[in-house]
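Please look over the structure below before reading on.

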Amino acid sequence: MGTPDFAKVCFESLLTTENDVIGVITQPDKPKGRGYALMPPPVKVSALENNIPVYQPDTLKDESFANLLEKLDPELIVVVAYGKILPKNVLDYPKYGCINVHGSLLPKYRGAAPIQRAIIDGEKTTGITTMYMEEGLDTGDMIEMYEIAIRPEDNFETLHDKLADLGAYALMSTVKVIASGNVKRYKQDDSKSTYAKKIEKADCLVDFSKSAEEIHNLIRGTSPFPLSFAFLNGKMIKFTSSFLTDKTSKEPAGKVVSLEKGNVYVATGDGVIGIDGVLPEGKGRMKASDFVNGRKISEGDIFTSEK
RNA sequence: CGCGGGGUAGAGCAGUUGGUAGCUCGUCGGGCUCAUAACCCGGAGGUCGUGUGGUUCAAGUCCCACCCCCGCAA
């Protein structure tokens, strides 16, 4: 059971094993994008290509899903970023249980956006945890844990891809361990748990009074999606890429202090941040230098929190 | 029929009340300099998305149709 690209990697890895993948449960196609075109989740696309039966129930809590469960009769259910809570009858069904691949070192960053939150918080490491599922959100007993460094140059995309690969690797291992029958369970220390709540739009508004480092972490933690933003001359502008500098400035936070080499240097509460990739309102992604060349910004302009 | 922006030189843009196109960067050549991503001079490069469409003496600039791209919102 899974939905986005992150889950797809695990799914495709499972197919390479000797395990019998009997079906895929994923979210229903949803209207996305311009014109509300119906978009199938990545896992579905992959499943169809691999001739694995796909099921897209609206809910897991009704009789028709219970019937499907019996029909499929899984011995093990693997859940990766599925996007729905599994009811107790489902959790209890498989002989070997329901396991989950989570993109953090539990009990830290339980919840929906562990990868982004870890970057935004400036963590130096994160990882993958596999665990048995229970009714609580990411609270089940852990099975295996793999750590990985968050590099200064990582953004959400690069870290996501690394964790997706690591997650698939972890899953392979955990499945093997479960099959062997010698599974060890480790309880989570709830007192150390933190919750990585979904990234909201409000989380993405850049507050230039914060430190350059905090802003940089926000920008890279939300890039390439959903992207942080601020307003410039009455228009929204999103930030796709930034870097830290050793420049200093006494200018007020948010002011453009320099456009050297096409990069946009902005004063913050602590230090000057360099921005080298933007996405202007109504436009596509572009290098900061292109934005500068188009004469859309000049020294002294000020980024604000609202139009 | 969710809302909106746009298709003009390799890139990002401008183009006024319609008169065959300009800016910044890049690129090529030359110069200056100890040197340079700095500066100076010069050059190349565009059938202005498509339509053997409409209006007009004349359309990038107005009208019509079509294709494509993008942002927002979900």
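Which residues lie nearest the centre of the second largest pocket?

## The pocket and its lining

In this predicted model, Asp20, Val21, Leu76, Ile77 and Val78 lie nearest the centre of the second largest pocket, and they belong to a lining of 27 residues. A pocket here is an open set of points on a 1 Å grid over the protein atoms alone, where a 1.4 Å probe fits and protein lies on both sides within 12 Å along at least five of seven lines, while lining residues have an atom within 4 Å of a point.

The lining divides into 21 nonpolar residues, three polar and three charged. Helix H1 (5-15) supplies at least two residues of this lining, as do strand S1 (24-25), helix H3 (63-72), strand S5 (77-79) and helix H6 (156-180); the largest share, four residues, comes from H1.

## The chain as a whole

Chain A contains eight helices and 15 strands, where helices are DSSP runs (H or I) of at least four residues and strands are runs (E) of at least two, numbered from the N terminus. The C-alpha trace of chain A spans about 65 × 45 × 30 Å along its principal axes. Of its 307 residues, 48% count as buried, that is, under 20% relative accessible area with a 1.4 Å probe and protein chains only.

## Notes on the model

Residues are numbered from 1 along each chain as its sequence is written, and chains are lettered from A in the order in which they are written. Local features need pLDDT of at least 70 and side-chain atom pairs count only at pLDDT 80 or more, whereas totals for chains, interfaces and linings use all residues, and side-chain values use heavy atoms, with hydrogens and water left out.

How values were computed:
Nonpolar A, V, L, I, M, F, W, Y, C, P; charged D, E, K, R; others polar. Buried < 20%, exposed > 50% of the residue type's maximum accessible area, 1.4 Å probe, protein only.
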